[in-house]
There are 2 protein chains.
Amino acid sequence: MTGLREMTIQLRTDGIQHLYEQIYDYIKEEIRTGKLLAGERLPSTRFLAEYLQVARSTVDYAYGQLLSEGYIEARPCRGYFVCSVEDLVQLDGSGGFFARGKEAGGFRDGSGENFPEGNGEEVWNPGRAREGNGEEGRNPGRAREGNGEEGQNRGNAMEDRGFRVDFSPYDIDMSGFPFSVWKKITKNILSYANSDLFAKGEAQGDWELRRTISRYLHSSRGVDCRPEQIIVGAGNDYLLMLLEKILGRHVHIAMENPTYKRSYRIFRSFAYHITTVEMDEAGMRADRLEQSQVTAAYVMPSHQFPTGTVMPIGRRMELLKWADSRPDRYLIEDDYDSEFRFRGKPIPALQASDGHGKVIYMGTFSKAIAPAIRVSFMVLPEVLLERYRENCSFYSCTVSRIDQSILNEFIRDGYFERHLNKMRKIYRAKHDMLLACLQQLRGGFAVSGENAGLHLLLTARGKVTEEELVARALEKKVRVYGLSESMVEDAAGSATVLVGFGGLTEEKIREGAALLREAWGEFC
Amino acid sequence: MTGLREMTIQLRTDGIQHLYEQIYDYIKEEIRTGKLLAGERLPSTRFLAEYLQVARSTVDYAYGQLLSEGYIEARPCRGYFVCSVEDLVQLDGSGGFFARGKEAGGFRDGSGENFPEGNGEEVWNPGRAREGNGEEGRNPGRAREGNGEEGQNRGNAMEDRGFRVDFSPYDIDMSGFPFSVWKKITKNILSYANSDLFAKGEAQGDWELRRTISRYLHSSRGVDCRPEQIIVGAGNDYLLMLLEKILGRHVHIAMENPTYKRSYRIFRSFAYHITTVEMDEAGMRADRLEQSQVTAAYVMPSHQFPTGTVMPIGRRMELLKWADSRPDRYLIEDDYDSEFRFRGKPIPALQASDGHGKVIYMGTFSKAIAPAIRVSFMVLPEVLLERYRENCSFYSCTVSRIDQSILNEFIRDGYFERHLNKMRKIYRAKHDMLLACLQQLRGGFAVSGENAGLHLLLTARGKVTEEELVARALEKKVRVYGLSESMVEDAAGSATVLVGFGGLTEEKIREGAALLREAWGEFC
């Protein structure tokens, strides 16, 4: 155990940096520089809190973030231990995230110290949070049938489809969208618009927007890229099509199971060779990649869909090491909803730890702003950028310059940050509401995937199938989504459903949860 | 020769239908129903005009349209003869174009009877108009080097690039764009916008826009399709990518040489097997297709780029017959600039003659409205629509719903028609101006590709290479575009350059033409 005497944290109380953040930074730095070694035990949160004269929740919070990012692990009844972080110190780019975020005045979750004391234990207990995920990850299973409906516009049409409550994990809340700001910017842009704006722009997207995106990525996600590396396109689907042209058709891709089904369908339509790779509680197993002929791995390290797994730093390093060992190996990082993390700081992107140009980073504004804003982007490593320029730069940009200009101003002038902060609060309230409502089901179900994203997972403890859960809910006119819908390969496993809350009002969440209790009462 | 006594045209003078149109309709119907047979000679325009008591230009005009569409042909010093129109009467959909156009109150060139009498001979002399085209078509040639610049935003930046005049065939005139209308519609749409508009729409595009497009296509292009067959996408490049997923990767595609280089690059990036097929004065030779393993042919029947060739009805029927003889054969019709025909009625789309679902029709609003309006569309035959629904309907639409709504209102409320009519006049004036300015070069150059589109072709009669022409122009800081840039296969041939006028003012056209006369004086 690391003795308290060795903890030479000098906490500043001038308010420039949150206390939990200083503790987090200090311990991370000790791990990164090798002063804390793998397997070493950290002081308990109670001891450290007393020693530093801070609230215990402050230390909980710092430990929680270190747990989320995989720097430390919790062993039941034994305490917190430093993880093995392979090759961490050799790779560039890692660790500098928060510092850079600060300099750039980035997008940060302001919830920090306001985190409710009583709730801390539950939120940051990695054992419990990961339990559910791990189970699914290790035993992925059940008959699957993609319904093809994901991402379709449902929202208000819910009642029309005969559901009283549709717990869709794909819906978002548009009520918070700043229509007036969007209109104002649009009007302004059109007022000053000249024929240039209606002319064709650069193939990769307008440089101003790319610069704005690169700054945003830098401050909010730790992504390190030049605007030149960014390609703007009308949606992820299109960008993946473009990526197919860049990577070529002989790609052997690794996917997790379950995964984001839309991406799977797209890769399948490319006739890519697809291999599902075993997951554990840390996400895709890097050792399994070595045993296959895989050339690219599709991952969602900051928040895996649908399990919610956050890939710890150790596993990230393993994946990067795998990719780095051959020139034609790449990691496709789909950072689809990193904006919505409700507790703690955002998890940095995998790209932030990539010093060798092995990560293709993909992001979208569909979830954070609106699905109709058809703007996504992809950050290419330099080698692939070269290939894009040689073979694909004649493909015209698929986003109109007017839309690019509107989005650029929206981000540049701070509206996006404000919108994100607002939506994070709205979604957090819904998340907490749903979690509280599901409390009564805890006897029969394990809850997982909390604290980020727009859905939770419920796994039945007893003998019941996913189909039964979905069917019983349907009898009450409530729609939940079987985990098997996200499965790309059949596998036996437990009964798990996705319960989304993004598109529902708090009232609807309460109503739906009450109906689920009725429907599933016998399983509790 | 068809005797005058057999011409039982009852001309109505109530003004409901133009006189030339009645003559055109009558003769076309006689050919379609087999009353006029291939090889029969028509009365001369002078005789027919006297017999019908109409101006000779009226008959010229009617014959001109029949010539353009390939129903009749002109033999020098002998007169006009009925063409062989293979299988015409058996195929559905042909011939009904203008009638339907009228019912739907369609988009028509209003220039009709106002056509200047003195000019008629020149405009409608197919021998001369086709001479240049045929020559290039038959002897496609010269070293090629795609410069990749086509379609780039040049416009105002011309001077920056060191050119005094850039005769780009890709530039359009944005000065006529109805910014105020566009702004008004945008403002209106945003005023009434609710969150639905910011939600994700249908994968094929919003139904309202597809219905509007189908009506427009029906009235202006004779295209017969249901809104369900239309797929809206952000540009032709994207739609071709989607088409790749529908047709599969084992497509052996036939292209003309020269052709639209951008499409060639895209097909090449698909790793399609590409075969260039010999052209004659009617366009792609259908008999050559039979000798290859080609499964799809890419054509621009209404106005081939860059030669300007209009594919006559006979050749269209041959191509349709070729496609019809095997289930996996298709014709890809790129109807990229059909809106800009300056003399006569618009040439109907090939799809209008297709009764068996063999034509994939592609259109765009980039040329007719603005390049930044990233909206193109594709009309799928029913069989391919099925395949799209099965394999590709999960690809999200790449155009935002807001942009779709704006465009829908712009077309639906008649602004598009007005804009097209206005632009047709503007471009016609530029076209006529350039043609007049080039008159002095006629000694050394043959002009072709007149009366439609946004460029002309100049072919040197003497011993000079394309490179010399381009280089001499460049010495005067004038940019012209070698035909070889549109070549996808090297071939020996004459020295031809493309001279575009779309993006130039009339003043610039005069200046540029004067500089070309200086540059090329010795070749005249």
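## Exercises on helix packing and burial

α10(A) and α14(A) are roughly perpendicular to each other. The model is predicted.

**Exercise 1.** At what angle do helix α10 and helix α14 of chain A pack, and which residues of α10(A) and α14(A) make the contact?

*Solution.* 
- Step 1. Take α10 (residues 236-247) and α14 (residues 382-391) of chain A: they pack at an angle of about 95 degrees, with axes 9 Å apart.
- Step 2. Angles of 65 to 115 degrees count as roughly perpendicular. The pair α10(A) and α14(A) is therefore in that class.
- Step 3. From α10(A), the contact uses A:Leu242, A:Ile246 and A:Leu247; from α14(A), A:Leu384, A:Arg387 and A:Tyr388.
- Step 4. Sort the residues of this contact: five are nonpolar, none is polar and one is charged.

**Exercise 2.** What should the 14 residues of helix α1 of chain B span, and how many of them are buried?

*Solution.* 
- Step 1. Helix α1(B) covers residues 19-32. The expected span is 1.5 Å times one less than the number of residues.
- Step 2. For α1(B) that gives 20 Å, and the end C-alpha atoms are 20 Å apart, so the two agree.
- Step 3. Eleven of the 14 residues of α1(B) are buried, so the helix is mostly covered. Among them are B:Tyr20, B:Ile23, B:Tyr24 and B:Ile27, but also B:Glu21, B:Lys28 and B:Arg32.
- Step 4. Look past the helix: B:Gly34 follows α1(B) and has a positive phi, near 80 degrees.

**Exercise 3.** Which residues of helix α17 of chain B are buried, and what covers them?

*Solution.* 
- Step 1. In α17(B), residues 466-475, the buried residues include B:Glu466, B:Leu469 and B:Ala473.
- Step 2. They span an arc of only 65 degrees around the axis, which puts them on the same side of α17(B).
- Step 3. Recall the helix repeat: with 3.6 residues a turn, residues three or four places apart point the same way.
- Step 4. The cover of these buried residues includes β13 (445-448), β14 (455-460), β17 (496-500) and α18 (506-520) of chain B.
- Step 5. Just after α17(B), B:Lys477 has a positive phi of about 60 degrees.

**Exercise 4.** Is B:Ala234 buried or exposed, and which residues is B:Ala234 in contact with beyond its neighbours within four places in sequence?

*Solution.* 
- Step 1. Locate B:Ala234 in the loop between β4 (230-233) and α10 (236-247) of chain B.
- Step 2. Its relative accessible area is 1%. Buried means under 20%, so B:Ala234 is buried.
- Step 3. Leaving aside those neighbours, B:Ala234 is in contact with B:Arg374, B:Thr398 and B:Val399, and with A:Thr398 of chain A.
- Step 4. B:Ser400 lies 166 residues away along the chain, yet its C-alpha atom is 9.1 Å from that of B:Ala234.

Definitions and conventions. Residues are numbered from 1 along each chain as its sequence is written. Chains are lettered from A and ligands numbered from 1 in the order in which they are written. This is a predicted model: local features need pLDDT of at least 70, side-chain atom pairs count only at pLDDT 80 or more; totals for chains, interfaces and linings use all residues. Side-chain values use heavy atoms; hydrogens and water are left out. Axes are lines fitted to C-alpha atoms, for helices over the stretch in contact, and angles run from 0 to 180 degrees between N-to-C directions. Helices (H or I, at least four residues) and strands (E, at least two) are DSSP runs, numbered from the N terminus. Angles under 35 degrees count as roughly parallel, over 145 as roughly antiparallel, 65 to 115 as roughly perpendicular and the rest as oblique. Contact means heavy atoms within 4.5 Å. Ala, Val, Leu, Ile, Met, Phe, Trp, Tyr, Cys and Pro count as nonpolar, Asp, Glu, Lys and Arg as charged, and the others, Gly among them, as polar. Buried means under 20% relative accessible area, exposed over 50%, partly exposed in between (1.4 Å probe, protein chains only). The arc is that of the directions from the helix axis to the C-beta atoms.
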